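Keep the model open beside you as you read.

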Amino acid sequence: MGDIAKDLTAGTVGGVAQLVVGHPFDTIKVKLQSQPTPLPGQLPRYSGAIDAVRQTIAAEGAGGLFKGMGAPLATVAAFNAVLFTVRGQTEAFLRSEPGVPLTVNQQIVCGAVAGTAVSFLACPTELIKCRLQAQGALASIGSAAVAVKYAGPMDVARHVLRSEGGMRGLFKGLFPTMAREIPGNAAMFGMYEALKQYFAGGTDTSGLGRGSLIVAGGLAGGSFWISVYPTDVIKSVIQIDDYKNPKFSGFFDAFKKILASEGIKGLYKGFGPAMGRSVPANAACFLAYEMAKSSLG
């Protein structure tokens with residue numbers, strides 16, 4: 001099997017593992033991010049992550065934690081095919097000769113290139129996912145952003161294509177998506193390689209066991225969110241913003257308004273669930289990727 005096919009197959013397996021483990025955390029993250037700032041004297045819709053979990057299950061059942069998973073599940077093959085194949089081809093381009101391990105800095109470059117490519121798949125997928133995850137929280141306070149109830153991923157896509165500018169509407173938030181994916185993946189793949197080399201005591205990491213891969217993958221995933229989390233908050237509020245009566249004119253306007261109304265903590269709404277998701281989900285992803293690629297020979 002060729003290198004591209006190996007990366008495509010192993011990346012898909014890793015992506016499915018990541019999605020199943022991490023989606024409930026992601027749902028809570030988006031609900032916390034999307035709840036509006038309470039008026040003076042009012043309490044927020046959710047007091048924290050645990051409260052959001054409790055209210056979601058009470059209102060929607062356990063399935064509410066997996067709301068919006070259809071969109072990323074449907075595209076996980078394409079997303080991870082691009083992420084790991086572009087990373088693999090960039091690795092091949094940067095190698096001085098076949099089989100030579102790359103440096104950490106080279107892996108950072110590989111991650112940034114892969115992040116650029118996946119942004120174009122991530123943006124419409126994230127828009128659909130965020131709309132579905134956020135509508136429950138927004139509907140409870142009568143927000144205009146959810147005047148139309150979405151029945152599922154395809155319903156969101158149809159509504160956006162019909163009423164929000166066609167294909168351009170599906171790419172709302174592309175700039176913040178790229179501002180998240182490029183440095184985030186650079187940090188993640190760089191950290192993953194750095195930790196693997198640390199555990200292996202050198203550049204040959206082929207003999208690492210599952211435990212080391214789990215730890216390296218989990219911490220690498222955490223580094224993604226530590227490096228770009230405020231950008232993700234801005235992306236989410238832009239993508240769920242009302243098309244006809246938008247609160248934000250763009251990335252920098254959203255940044256200024258969140259800072260003005262909520263302070264720096266407003267840029268870290270949902271950070272706990274994001275980190276709680278990222279560590280186990282990326283541990284599962286990288287372990288599944290490495291095991292799948294190893295089994296393919």
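Look at the helices for confidence: helix α7 (residues 174–200) has the highest mean pLDDT among the elements of the chain, 97, while helix α3 (residues 70–94) has the lowest, 84. Here pLDDT is the predictor's confidence in each residue, from 0 to 100, and elements are DSSP runs numbered from the N terminus, with helices being H or I of at least four residues and strands E of at least two. Averaged over the chain, pLDDT comes to 89, and 94% of the residues score at least 70. This is a predicted model, so local features need pLDDT of at least 70 and side-chain atom pairs count only at 80 or more, whereas totals for chains, interfaces and linings use all residues. Residues are numbered from 1 along each chain as its sequence is written, and side-chain values use heavy atoms, with hydrogens and water left out.

Now to helix α2 (residues 49–60). Asp51, Ala52 and Thr56 of α2 are buried, that is, under 20% relative accessible area with a 1.4 Å probe and protein chains only, while exposed means over 50%. These three cover an arc of only 130 degrees around the axis, so they sit on the same side of α2; the arc is taken from the directions from the helix axis to the C-beta atoms. Ile50, Arg54 and Ala58 are exposed on the other side. And what lies over the buried ones? Part of the cover on α2's buried residues is α1 (3–34), with contact meaning heavy atoms within 4.5 Å.

The largest pocket holds about 870 Å³. Its lining has 27 residues, with Arg95, Lys196, Thr205, Glu290 and Lys293 closest to the centre. A pocket is an open set of points on a 1 Å grid over the protein atoms alone, with protein on both sides within 12 Å along at least five of seven lines; a cavity is a set where a 1.4 Å probe fits but cannot get out, and lining residues have an atom within 4 Å of a point. Volumes are the space filled by probe spheres set on points joined across faces, edges and corners. The largest cavity has about 530 Å³, and α3 gives the largest share of its lining, seven residues.
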